[in-house]
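Subject: Structure handover and notes

Hi,

Here is the structure you asked about. Please open it alongside this email; my notes follow below.

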Amino acid sequence: MPTLLSSSRLLVAFDDEHLVANAGLALVGVLSEKLGLEALVQEFVDVRPFPGRRVATLVHAMVAGASCIDDAHVLRAGATSSVLSHRVMAPSTLGTFLRNFSFGHVRQLDRVSELLMTRAWSLGAGPGDEPMTIDLDSTICEVYGCHKHGAGYGYTHVLGYHPLLATRADTGETLHVRFRKGSANTQRGAQRFVREVVGRVRRAGASGPLTLRCDSGFFSQFVVQACRDHEVRYSITIPKTRPSKGPSIRSSRMPGRQLTTR
């Protein structure tokens, strides 16, 4: 029931065991169970104990709008946990779990996310043999703590992280993510990231033509070479600088694969 804390702040809460907050989690919970989220994490992530239910709790909390570990409490309100197929873990337990992660464990989660995508695409969500465009970009994830490991100031002068993202153009689906520190240059790790993305979508079942699309921040011979090595078409904006005059540069060996200029 509503509780008035002050004239300018109102807290709305409930504790009825028959009520469910964020009832849309029921659909997400069914999908997670169908794809085997908890079981896959339990098999591939070796941060013990119970990595499956801990990752599932984090995923469903984020779906419900959680932006920090304490926000996972939203899954314990009323009867919300009853619509999920796993036990909901306490925020303190989740914090301990995440602090035990190394880069190797992150790569284990990469494997899990690829298998989840493969299973979802096998159920009909994938492109199959149809052409698919992959959008490559970076983003800024702002943080507010001065002691956040890896946080830094980049070209936007915002304290945070600077991850790479690959998304599917027609659906907006996230295909791959690579976390980077906040001060990382836009192109840092881009060549390897492109190769990883192409490998992931091919193994997941995308057998049709692929096209990579990105802005001038990723214009480099290394990204272009990665595309050519994997027979991926590309459209990359060229920055308008003195060394690169003219409307476009066209590859003579690969007709139709063009670097475009704004």
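What share of the contacts in the protein with a separation of 6 or more comes from residues 24 or more positions apart? The figure is 56%, where contact means heavy atoms within 4.5 Å.

First, the ground rules. This is a predicted model, in which local features need pLDDT of at least 70 and side-chain atom pairs count only at pLDDT 80 or more, while totals for chains, interfaces and linings use all residues. Residues are numbered from 1 along each chain as its sequence is written, and side-chain values use heavy atoms, with hydrogens and water left out.

**Overall**

The protein has 7 helices and 12 strands. Helices (H or I, at least four residues) and strands (E, at least two) are DSSP runs, numbered from the N terminus. Of the 262 residues, 37% are buried. Buried means under 20% relative accessible area, exposed means over 50%, and partly exposed lies in between (1.4 Å probe, protein chains only). The accessible surface comes to about 15300 Å², and carbon and sulfur atoms hold 54% of it. These areas come from the Shrake-Rupley method with a 1.4 Å probe; for residues, only the protein chains shown count as cover.

**The sheet**

Look for an open sheet of 5 strands, in the order β8-β7-β3-β9-β10, with mixed pairing. Two strands pair if DSSP finds at least two bridges between them. β8 (174-178) and β10 (233-236) are the edge strands; each has a single partner, so one side of each lacks a neighbour in the sheet. From one strand to the next, the twist averages 15°. In general, strands of a sheet pair through backbone hydrogen bonds, either parallel or antiparallel.

Ile134 has Leu212 of β9 as its bridge partner, and Thr133 stands opposite Thr211. β9 also pairs with β10, again in the parallel sense and over 4 bridges. Here Arg213 has Ser235 of β10 as its bridge partner.

Which side chains of β9 are buried? Leu210, Leu212 and Cys214 are, and they point to one face.

Helix α6 (residues 190-204) lies across β3, β7 (164-168), β8 and β9. It runs at about 145° to β8. Axes here are lines fitted to C-alpha atoms, for helices over the stretch in contact, and angles run from 0 to 180 degrees between N-to-C directions. Helix α7 (residues 221-229) lies across β9 and β10, at about 160° to β10. Together, β9, α7 and β10 form a right-handed β-α-β unit. Right-handed means that, with the strands pointing away from the viewer, the path from the first strand over the helix to the second runs clockwise.

**Helix α1**

In α1 (residues 25-35), Leu25, Gly29, Ser32 and Leu35 are buried. They span an arc of only 135° around the axis, which places them on the same side of α1. The arc is that of the directions from the helix axis to the C-beta atoms. The cover over these buried residues includes α2, α3 and α5 (103-125). The face turned away carries exposed Leu27, Val30, Glu33 and Lys34. Just after α1, Gly36 has a positive phi of about 80°.

**The loop between α2 and α3**

Val45 sits in this loop. Val45 is buried, at 0% relative accessible area. Leaving aside neighbours within four places in sequence, Val45 contacts Pro51, Phe101, Gln108, Leu109 and Val112. Its C-alpha is 6.4 Å from that of His105, 60 residues away along the chain.

Most residues other than glycine have a negative phi, and most peptide bonds are trans. The bond from Arg48 to Pro49 is cis, with omega near 0°. Pro49 lies between α2 (37-44) and α3 (51-63). Phe50, also in that loop, has a positive phi near 55°. Phe50 is partly exposed, at 41% relative accessibility.

**One more loop**

His157 is in the loop between β5 (152-153) and β6 (159-161). Its phi is positive, about 60°, although it is not a glycine. Is His157 buried or exposed? It is exposed, at 65% relative accessibility.

Best wishes
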